[in-house]
Amino acid sequence: MTKNPLSMQFDVEDFLPATEEEKAYLVQMRPSSTFFKDGCKRLMKNKVAFVSMIVIILIALSSIFVPMFWPYSYEQQLGVQPGMPVDASFNNLAPMEYSRTEQTTISQGGKVFPHVFGTDAAGRDYFIRVVYGTRISLAVGFFASLIVLVVGMTMGSIAGFMGGRVDMAIMRLVDLIYSLPDMLMVILLAAVMRESIGDSLDGTIFQAIGPNILSLFIIFALLYWCSMARLIRGQILSLREQEYVLAAEATGAGARWIITKHLIPNCISVIIISTALQIPSAIFTESFLSFLGLGVNAPMPSLGSLASDALNGISTYPYRLAIPAIVISLIVLGLNLFGDGLRDAFDPKLNQ
Amino acid sequence: MDSKTLRYIIKRILMAFVTLWAVVTVTFFVMKAVPGDPFASEKAITPAAKAALEAKYGLDKPLMEQYKNYLVGAMHFDFGPSLKQRGRNVSDIILDGMQTSARIGVIALLVATSIGIVLGSTAALHRNTVFDRIIMVFTTAFVSMPSFIMGTLLLLLFSVQLHWLPANGTEPGGLILPIVTLSLYPMSYITRLTRSSMLDVLGQDYIRTAKAKGVSEKNVIWHHALKNSLIPVITYFGPELAYIVTGSLVVEQIFAVPGIGRSFVNSITGRDYTLIMGTTVVLASLIVIMNLLSDIMYKLVDPRITLE
């Protein structure tokens with residue numbers, strides 16, 4: 001029956017209960033997504049970031065697991081055996097070459113694990129030294145960033161929450177440290193601190209990491225917390241003024257709810273991203289100091305000290321310089337690209 | 001120049017002085033915190049000779065007086081005698097090294113800035129072409145490479161393998177590789193900076209207006225786009241100099257250039273404390289002054305910018 005369009009009579013059909021088919025329209029087909037899941041999805045779509053993540057993970061895993069089954073250790077001088085004369089044929093082996101003793105073993109049918117990258121001037125397996133150096137560089141980068149995060153977060157949130165004079169004092173200090181030429185101060189502190197710390201570490205838990213790396217950590221805690229503190233203070237100040245925080249307050253949310261549901265989730269991505277971007281810069285600084293002879297203590301290798309040692313024999317053994325150089329560039333490039341990808345994926349606001 | 005700008009500049013200069021004072025103070029007290037006395041390495045010296053040495057270097061005075069003397073001396077570019085190089089003043093050693101280092105540094109600065117601007121704006125104008133892609137790939141790689149790696153790889157390639165350029169900085173042509181090493185990173189950075197700011201400017205309304213009025217493509221680029229897109233480059237001058245100064249420490253080491261960077265590194269390994277202090281103060285002052293200049297220039301060029 002056709003209805004007069006001007007008729008005020010309403011259609012009874014509109015008020016019937018919905019059929020199953022109609023109900024299906026209202027069902028959400030996609031499972032609800034969280035901010036974290038969304039970010040991960042965006043990250044996976046970013047090919048460059050994904051590839052760099054794989055590279056970094058591979059490097060990190062191999063630096064952890066390879067030393068477990070590798071038959072040589074980083075400080076073992078293969079030519080020096082207790083009770084035997086020093087076998088110099090172990091020194092300066094080219095990649096995949098064997099020393100005299102090893103050649104005899106092979107000719108007698110024995111098996112010798114190859115020296116993939118050869119050995120160095122003291123007869124140490126170079127491959128395991130590079131792997132160990134990578135492990136040290138990564139660990140230094142990671143822990144230095146963690147220290148920066150902790151110090152920066154403490155100072156930043158104190159400044160943000162206390163406000164007033166405390167905020168003012170902390171921010172002036174930040175300005176001052178910010179305007180100091182960081183690398184020069186780092187070199188100065190590193191040069192002095194290894195003298196002051198010196199032997200006082202013996203017998204403590206810090207003995208294993210040595211005075212140079214410890215002073216590197218102290219330097220990071222002293223000088224590099226500024227940008228983190230600034231960032232966190234800014235986040236706290238701006239987030240407190242946001243409308244949605246006001247809205248949450250208006251609907252009766254308590255302080256705890258606001259902090260856990262609004263402030264932390266909105267802050268955390270920014271904090272994680274800048275921590276991730278801090279790691280390559282810490283690795284950079286460590287390798288720079290190691291190259292100047294202010295880094296890790298011998299015989300412990302780091303990528304920077306390996307490159308620096310290789311400089312002496314550069315014309316004869318150029319690969320010994322190229323290998324740590326390539327690894328370090330791969331790590332720094334990979335972490336930088338991955339950090340950029342993280343930023344794009346988790347903080348679209350920053351990218352505008 | 002309005003009074004607000006003037007106030008900003010004065011504030012900025014005062015801040016720079018505070019920073020310089022902080023540098024001198026930190027260096028002084030950090031050095032005083034080193035355990036042991038500077039003459040410990042000397043062959044067993046009699047107490048009388050030691051007292052005479054301490055009196056000569058002014059080390060017998062109370063700490064605050066030493067600090068005051070050092071502060072006054074630093075203002076006059078006088079850092080006292082070197083502890084290890086007999087009969088030479090720290091300021092003379094610094095001036096000596098400065099001659100070579102400044103030449104390398106200034107050339108690297110000019111090369112990096114000019115090539116960076118040209119490459120960056122060309123890449124932006126030919127956006128998404130093969131040229132642009134190549135530039136971006138290379139600059140990304142260079143930005144992630146520490147200067148000592150860059151230097152050693154260049155040394156490996158051009159001196160050891162190809163024998164095109166000498167590996168030693170004192171030979172003729174030996175300064176080419178150090179200059180290239182120092183300029184690659186800032187060049188890449190400036191290229192990326194110029195490219196992104198040029199792209200930003202090209203999307204602005206006033207560029208469209210100029211094009212709509214019939215201004216030729218060349219004029220739009222030269223008169224409207226380029227000038228504004230170079231503003232961010234000005235802010236990079238400070239960090240650029242800082243990079244070149246710290247980079248010269250390793251680059252001079254790699255290529256055996258007799259400059260201030262090498263004498264600084266040698267003074268650290270040789271524990272020549274007065275030389276370490278003097279060099280730190282001089283280099284830090286250079287960087288602070290450059291930062292000051294680039295901030296002021298930035299403010300003068302673009303009055304819209306309000307820095308806190």
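A residue is called buried if 20 or more other C-beta atoms, placed from the backbone, lie within 10 Å of its own, exposed if 12 or fewer do, and partly exposed in between. The structure is a predicted model, in which local features need a pLDDT of at least 70, side-chain atom pairs count only at pLDDT 80 or more, and totals for chains, interfaces and linings use all residues. Residues are numbered from 1 along each chain as its sequence is written, while chains are lettered from A and ligands numbered from 1 in the order in which they are written.

The pLDDT, the predictor's confidence in each residue on a scale from 0 to 100, averages 79 in chain A, and 86% of the residues score at least 70. Within chain A, helix α3 (residues 47-69) has the highest confidence, with a mean of 87, and helix α4 (residues 100-107) the lowest, at 70. Where pLDDT is low, the predicted coordinates should not be read in detail.

Chain B has 12 helices and 0 strands; here helices (H or I, at least four residues) and strands (E, at least two) are DSSP runs, numbered from the N terminus. The C-alpha trace of chain B spans about 85 × 60 × 25 Å along its principal axes. Of the 308 residues in chain B, 39% are buried. Two residues are in contact if their C-beta atoms, placed from the backbone, lie within 7 Å. Among contacts in chain B between residues at least 6 apart in sequence, 74% join residues at least 24 apart.

Helix α4 (residues 90-125) of chain B has 36 residues and should span 52 Å at 1.5 Å a residue, which agrees with the 50 Å between its end C-alpha atoms; the expected span is 1.5 Å times one less than the number of residues. In the loop between α4 and α5 (130-143) of chain B lies Asn128(B), whose phi is positive, near 65°. Asn128(B) is exposed, with 8 other C-beta atoms within 10 Å. Ala256(B), in the loop between α10 and α11 (260-269) of chain B, also has a positive phi, of about 50°, and counts as partly exposed with 16 C-beta neighbours inside 10 Å.

Helix α6(B) bends by about 25° at Leu155(B). Its buried residues include Phe148(B), Ile149(B) and Leu155(B), and the buried residues of this helix pack against α11, α12 (303-310) and α13 of chain A together with α7 (176-202) and α10 (231-254) of chain B. By contrast, helix α8 (residues 205-212) of chain B is hardly covered, with 0 buried residues among its 8.

The contact between the chains takes 32 residues from chain A and 37 residues from chain B. On the side of chain A, two or more residues come from each of α6 (164-179), α7 (182-197), α11 (255-291) and α13 (318-346). That side divides into 24 nonpolar, 7 polar and 1 charged residues, where Ala, Val, Leu, Ile, Met, Phe, Trp, Tyr, Cys and Pro count as nonpolar, Asp, Glu, Lys and Arg as charged, and the others, Gly among them, as polar.

A nonpolar core is a set of buried Ala, Val, Leu, Ile, Met, Phe, Trp, Tyr and Cys residues joined through C-beta atoms within 7 Å. The largest has 134 residues, of which Ile187(A), Ala190(A), Leu292(A) and Ala307(A) touch the most other members.

Definitions and conventions
The bend at a residue is the angle between axes fitted to the seven residues ending there and the seven starting there.
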